[in-house]
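Have the 3D view ready and follow along.

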Amino acid sequence: MGDYFSILGGERPARHWVSSRLPAGSDNLEELPDEELWGLHDRAMETFRSSWEERSWPPERARPSLLDLKVTLARRMLRDCHMCERRCGADRTAGKTGYCGVGETSRVASIFLHFGEEPELVPSHTIFFSGCTFRCVYCQNWDIAMDARTGSPADPAYLAEALRHGMRQGSRNANFVGGNPDPNLHTILETIVHLGDDGKNLPMVWNSNMYTSLEAMRLLEGVMDVYLADFRYGNDECARKYSDVERYFEVVSRNFAIAHRQGEVMLRQLLLPSHLHCCTKRIMEWVAENMPDVYFNLMFQYRPEYKAALYPEMNRRPSGEEKREAVAIAARLGIALC
Ligand code: SF4
């Protein structure tokens, strides 16, 4: 979490601020086809990576900037939605919705300074978007996650102003969640653009189920400082049964590897009852092999909610024995729990 604390402490700016300093590479983004925009993006991202490494960037905001280019690309994705790996292809600009139910205009269920996140993050200015790309049968936020029509229409300028207000109250980051942030990528990027230089030392947190599409992951690089990310299932069968999602392990492990390269990862593993060996242990084995130094939060707060009562194995809290064994497995694998 070295970068995160450096940003907070003013020793270096947040990634989005650097991206706002780098030119997009063209003045007429709206007129260019997608392939050309992605080409510009890839070239600008090379500049971003060397700028970030060398801690060197132009003093003035670029117009249009790499950050503006990311907004343009995110808005293009709305026409054939592939913000997450469901890749519904819904034209959200034409009033259509996909699996998540989120339209062109995101909706915000609540926004507040959250004191219940990891200690490094609180107070965390958390924006809860309505709608989700998963259908977890035990969802604890089912009231906002399962119905994308709840909440109020999101206005990026208003959200940016709310983040400014939160900074004056001592917020340590902007935390985009839901539901899930993925369907709201365009709104999130536009909010960050509106925040402008006021957000120079406000780290951005992507608080996701990590079923994000590859294209969306590319847009997150150079914007998100922290991936506060759930790794829930150790196999596809459990993911299909409890969250109605396919190819879970392949997609989510891929995105963890990407996130680990392009920011700092805080991995959350919610211990599910009856899933110690098929999920928790397999995830820990993957982590031990692929990112043994990752911030690993083993979470014990599962409680049966929503439709969990329909699944007898899920209709209880994890036992003391399961918790102790999970901690022991982490120790055996050399994973330091946070
Ligand atoms: S965000 Fe995902 S679930 Fe929602 S419409 Fe786009 S591809 Fe479908």
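Predicted model: local features only at pLDDT ≥ 70, side-chain atom pairs only at ≥ 80, totals over all residues.

On the H6 side you'll find Pro156, Ala157, Leu159, Ala160 and Leu163, and they meet Thr187, Glu190, Thr191, His194 and Leu195 of H7. Sort that contact by class and you get 6 nonpolar, 3 polar and 1 charged residues.

H7 has another partner, H4, and these two cross at roughly 155°. An angle over 145 counts as roughly antiparallel, and therefore that's the label for H4 and H7. Here the crossing is left-handed. H4 brings Leu67, Asp68, Lys70, Val71, Ala74 and Arg75 to the contact, while H7 brings Leu185, His186, Leu189, Glu190, Ile192 and Val193. That contact holds 7 nonpolar, 1 polar and 4 charged residues.

Here are the two pairs in a table:

| Helix pair | Angle | Axis distance |
|---|---|---|
| H4 (66-77) and H7 (185-195) | roughly 155° | within 9 Å |

Now over to H11, residues 276-290. Its 15 residues reach 20 Å from the first C-alpha to the last, close to the expected 21 Å. Which residues of H11 are buried? They are Leu276, Cys279, Thr280, Ile283, Met284 and Val287. These buried residues pack against helices H9 (236-243) and H12 (320-333), plus strands E7 (264-270) and E8 (295-299).

Methods: Residues numbered from 1 in each chain as written. Axes fitted to C-alpha atoms, helices over the stretch in contact; angles between N-to-C directions. Helix = DSSP H or I, 4+ residues; strand = E, 2+ residues; numbered from the N terminus. Parallel < 35°, antiparallel > 145°, perpendicular 65-115°, else oblique. Left-handed = near helix turned anticlockwise from the far one by under 90°. Contact = placed C-beta atoms within 7 Å. Nonpolar A, V, L, I, M, F, W, Y, C, P; charged D, E, K, R; others polar. Expected span 1.5 Å × (residues − 1). Buried ≥ 20, exposed ≤ 12 C-beta atoms within 10 Å, placed from the backbone.
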